[in-house]
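Here is a friendly walk through one model, from its helices to its nonpolar cores and its surface. Please keep the structure open as you read.

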Amino acid sequence: MSFAVPRGSIPLAEATSFWQLVVTSIKASSAIENAILLLLLICSIASWGIVLWKLKVLREAWAGNQQMAEAFVAATDPAALNGKAGAMAASPNVIIYQAAQDAVRDAGGTRGASNGRLTAGGNPLMAKRGIEERVQMAMEHTSRSAFTRMHRGMDILASIASSTPFIGLFGTVLGIMHTFQVLGTAKSASLNVVAPGIAAALIATAAGLAVAIPAVFAYNWLTARMDELQEQADMFIESLGQWFVGTGLFKHAPEVNHQSHEATDPVIVGEGAHVPGSRE
């Protein structure tokens, strides 16, 4: 048993063209359904704008980190690296290094002309572990600030990815409700009466998924790349701290010396105490 569809019952353009089907369904939608589709369009533009913006930020960050890594390996003294850091692309590692240098300079250290090393300069913090702690804190705070700025907009992208399917489903529910209202007032319940409303309602769900799926993939990929950059920044902070110690930028506090009694020092012994080697 076969069912034959009469030729000409469905227009050829509408049967073969997806965009013609979309346009026809949108025209058959109600005002609130079109408003939801407009909202989904705005969400789509916003999500792609955020993705392109973050791709640019990540490209600059990778380029700057690569330049800093090459210069850091080749440099033998902070003075040789200072001149190159200003010309590098803005990246977390470059900003961290500049923040460390600013912290050293703000601490009041001066660089000797003979050995190129930072001296105390009369500042007690420079002669103690205070300078190391200050520089370490400056690097960590700068790293957090840099990645906070890098993550701006990601919350909006996550919200778009998670909410647009429900927005589209909301439009579908309203469209189906509108279709059943039309069906209830119609004199005949034929496919020609029901089909346009249902198709228009389903367009909202399809539009919501079309916005959400790329946003989810983009959010996960961008988050993974930012986590990699943060790992690089953490390792760079550790390497930079050790490098500063090796080049003499950090002046460690002397170890606590426990005073030992000399042979000539008198030993005070309480009453009743036993002193080895003594006669009682």
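Helices (H or I, at least four residues) and strands (E, at least two) are DSSP runs, numbered from the N terminus. The model is predicted, so local features need pLDDT of at least 70 and side-chain atom pairs count only at pLDDT 80 or more, while totals for chains, interfaces and linings use all residues. Residues are numbered from 1 along each chain as its sequence is written, and side-chain values use heavy atoms, without hydrogens and water.

Leu38 sits in helix α3 (residues 31-74). Together with Leu41, Ile42 and Ile45, Leu38 makes a nonpolar surface patch of about 400 Å².

Let us turn to the interior. A nonpolar core is a set of buried (under 20% relative accessible area, 1.4 Å probe, protein chains only) Ala, Val, Leu, Ile, Met, Phe, Trp, Tyr and Cys residues joined through side-chain atoms within 4.5 Å. The largest has 37 residues, and Met68, Leu81, Tyr97, Val135, Leu157, Leu240 and Trp243 touch the most other members.

Another core, of 9 residues, lies apart from it, with Ile36, Leu37, Leu40 and Ile160 among them.

In α5, the buried residues include Pro92, Ile96, Tyr97 and Val104.

Glu238 lies in helix α9 and is exposed (over 50%), with a relative accessible area of 57%. The C-alpha atoms of Glu238 and Met139 are 9.8 Å apart, although 99 residues separate them along the chain.

How values were computed: Patch = residues over 30% accessible without salt bridge, like charges linked within 9 Å, V, L, I, M, F, W, Y side chains within 5 Å. Areas by Shrake-Rupley, 256 points an atom, 1.4 Å probe, with all protein chains shown as cover. Salt bridge = Lys/Arg side-chain N within 4 Å of Asp/Glu carboxyl O.
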